[in-house]
Amino acid sequence: MRLIDCHAHLWDAGRGFPWIRPGSEHYRTFTIDDLERSGEGLELAGTVLVEASRGDRGETLALRELRAERPELVAGYVGNLQVYEDAVPEEFEELMVEARPNGMRLGGAGQVALLPVLEKLGITLDLNLAGALGTAAELAARHEGLTIVVDHLGSPGAVDDWRRELRLAAARPGVMLKVSGLLTQRPEAAELVEEAVEAFGPGRCVVGSDWPICVPRGSRADSLSLSLRGLGGLSDDERAQVLHGNAVRAYRLGREPGEGVVRYR
């Protein structure tokens, strides 16, 4: 089964992205052609592009255009929820129907008033913040119809705290886990993959490279290889779910917002 990479980015460091430091290996332009080259030899079925904190609504539209222009590479995209903080729910719903994202990512406090819109339209919520597993459990309790994907294993810090929050999140059927970003975290994170997948089950995990964030420490292939290392104990069918099937269902790949909504349970 060919893999869907559920976490990659593109950016032009000269157009926003204030988090990218001049002189760093990230301070350059990563284009759709770079994405294609980075996946050579990997037998990918597609990529879900994730916003890279440009800080404006234009990034969402740019990702939409890439999905339309290069569907053989871009299976879907996840926009930035933060930049819609001033939108009222009615306006936000209209914008989401127009932009047709597969997911929206929350990287900080706020925007919870907009979550019912995502729930209504079947748009997945990605979480990338401190204590993401605990936050996912809390949000899932209030929004049972919302699919929530926790990025980067929940960014493990203190392992005991991570394990406690892992159990809380795994107990909520609407929460999924993204095995990603392992090259950019502390080395011990890779050792927690098997435990994390066991907690959530192979039906609620997806895989991502976090390219090109991973570039200072390795290639896209290196990053995906590290993520896959913890899946060795799965059966062929379970592995196919993690590599492909779960991504299609979680991000509703190939469907419009509100059209044939599939609740991932």
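There are zero disulfides in this structure, a disulfide being a pair of cysteine sulfur atoms within 2.5 Å. Cys6 is in none, as the nearest cysteine sulfur, in Cys205, is 11 Å away. For Cys214 the closest cysteine sulfur is that of Cys6, at 15 Å, which is too far for a bond.

This is a predicted model, so local features need pLDDT of at least 70 and side-chain atom pairs count only at pLDDT 80 or more, while totals for chains, interfaces and linings use all residues. Residues are numbered from 1 along each chain as its sequence is written, and side-chain values use heavy atoms, with hydrogens and water left out.

Now to the rings. Rings of Phe, Tyr and Trp (its six-membered ring) pair if their centres lie within 6.5 Å; planes under 30 degrees apart count as stacked, over 60 as edge-to-face and the rest as tilted. The count comes to four aromatic pairs. In one of them, the rings of Trp11 and Trp19 have centres 5.3 Å apart and planes at 80°, so this pair is edge-to-face. Tyr84 and Phe92 also form an edge-to-face pair, with centres 5.5 Å apart and planes at 65°.

How exposed are these residues? Buried means under 20% relative accessible area, exposed over 50%, and partly exposed in between (1.4 Å probe, protein chains only).

| Residue | Relative accessible area | Class |
|---|---|---|
| Trp11 | 3% | buried |
| Trp19 | 34% | partly exposed |
| Tyr84 | 4% | buried |
| Phe92 | 0% | buried |

Arg28 lies over the face of Phe30, 3.9 Å from the ring centre; a charge sits over a ring if NZ of Lys or CZ of Arg is within 6 Å of the ring centre and within 35 degrees of the ring normal.
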